[in-house]
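User: I am learning to read protein structures, and I would like to go through this one slowly, one feature at a time.

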Amino acid sequence: VSSGDYTVGSSDRMVIVTSTASPTITLPDPATNADRIIYVMAGANHFTLGCSVSNKIQDGSGTTNGRTFGLTSSVLFQYSYWTLICVSDGNYWYIN
């Protein structure tokens, strides 16, 4: 993804974000993507990871250092050159 927002397609396995415009990467509905793994690799700038269905991203559980983790509609990813692993169980996208 070199410019603009991007919606993950049915054949995408890896999305590499090189845009400097802080795009939004949208995952598909987890219900139609059970057992699917998608890798999203960050370039030098941050991006937002969203889902086409509200509150279907699980970014952990509980509280760590004062931050509560749980179900959300989007996650702002601010680490350069890291890779997110997104796994669907058919109900939610789990982000690691």
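User: Which residues have the most contacts inside the largest nonpolar core?

Analyst: A nonpolar core is a set of buried Ala, Val, Leu, Ile, Met, Phe, Trp, Tyr and Cys residues joined through side-chain atoms within 4.5 Å, where buried means under 20% relative accessible area with a 1.4 Å probe, counting protein chains only. In this predicted model, the largest such core has 18 residues, and V40, F47, L49 and C86 have the most contacts inside it. Among the elements that give two or more residues to this core are β4 (37-42), β5 (47-51) and β9 (83-88); strands here are DSSP runs (E) of at least two residues, numbered from the N terminus. Residues are numbered from 1 along each chain as its sequence is written. Local features need pLDDT of at least 70 and side-chain atom pairs count only at pLDDT 80 or more, while totals for chains, interfaces and linings use all residues, and side-chain values use heavy atoms, without hydrogens and water.

User: What does F47 touch?

Analyst: Contact means heavy atoms within 4.5 Å. Leaving aside residues up to four places away in sequence, F47 touches V17, P23, I25, V40, A42, V75, L76, F77 and L84.

User: What is the order of the strands in the open sheet?

Analyst: Two strands pair if DSSP finds at least two bridges between them. The chain has 0 helices and 10 strands, and 4 strands form an open sheet in the order β1-β3-β5-β8, with mixed pairing. Its edge strands, β1 (6-7) and β8, each pair on one side only. The strands β1 and β3 run parallel and are joined by 2 bridges, with T7 opposite T26 in β3.

Note on methods
Buried means under 20% relative accessible area, exposed over 50%, partly exposed in between (1.4 Å probe, protein chains only).
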